[in-house]
Amino acid sequence: MPDLNLSRETVQDSPKTIVMSIVGELDQTNGRKVETYFNDVVDAEKPQHVLVDLSGLAFAGSGFFGSLLFWKEEIAKAGGLLVLFALRPEIASTMRIFSIDRIVPICV
């Protein structure tokens with residue numbers, strides 16, 4: 001199983017905004033770990049906005065991109081935003097191929 005490190009930090013209290021970092025390689029063997037982590041963080045922290053730092057994400061399987069769309073909808077239901085930032089070129093390219101960059105805000 002590829003190494004994967006997940007972390008979070010509150011960067012603003014009102015409206016509550018957290019940064020979640022995903023570092024390593026994400027595939028079908030550890031994708032569920034990321035989904036569970038994201039859900040647990042959102043349930044516990046109740047952030048309005050979630051910023052996802054992908055600067056350390058070296059690889060992402062297709063399941064991750066589906067999860068991003070689900071997370072975006074869940075955060076939007078509560079009136080918030082899911083924003084991705086610091087994507088590596090290979091991850092950004094895949095986002096463009098799947099047209100995720102047209103659905104989920106990405107900051108460079």
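Strands are DSSP runs of E with at least two residues, numbered from the N terminus. The legends below describe close-up views of a predicted model.

**View 1. His49 in strand 3.** His49 is found in strand 3, which covers residues 49-53. With a relative accessible area of 18%, His49 counts as buried, because the cut-off for that class is under 20%. Leaving aside residues up to four places away in sequence, His49 touches Pro15, Lys16, Thr17 and Ile18, together with Gly79, Gly80 and Leu81.

**View 2. The hairpin of strands 1 and 2.** Strand 1 (residues 4-13) and strand 2 (residues 16-26) run antiparallel and are joined by 9 bridges. A hairpin of 2 residues connects strand 1 to strand 2. Gln12 stands opposite Thr17 in strand 2.

**View 3. Leu26 in strand 2.** Leu26 lies in strand 2 and is buried, with a relative accessible area of 3%. Beyond residues up to four places away in sequence, the contacts of Leu26 include Leu4, Gly31, Val34, Leu57, Phe59 and Phe64. Leu26 and Asn5 are 21 residues apart in sequence, and their C-alpha atoms are 9.8 Å apart in space.

**View 4. The largest nonpolar core.** This core has 29 residues, of which Ile22, Leu54, Phe64 and Met95 touch the most other members. Elements giving two or more residues to the core include strand 1, strand 2, helix 1 (31-45), helix 2 (62-77) and helix 3 (89-97). Among the residues that Met95 touches, not counting those up to four places away in sequence, are Leu54, Phe65, Leu68, Leu84, Ile100 and Ile106.

Definitions and conventions
Residues numbered from 1 in each chain as written. Predicted model: local features only at pLDDT ≥ 70, side-chain atom pairs only at ≥ 80, totals over all residues. Heavy atoms only, no water. Pairing = 2+ DSSP bridges. Helix = DSSP H or I, 4+ residues; strand = E, 2+ residues; numbered from the N terminus. Buried < 20%, exposed > 50% of the residue type's maximum accessible area, 1.4 Å probe, protein only. Contact = heavy atoms within 4.5 Å. Core = buried A, V, L, I, M, F, W, Y, C linked by side-chain atoms within 4.5 Å.
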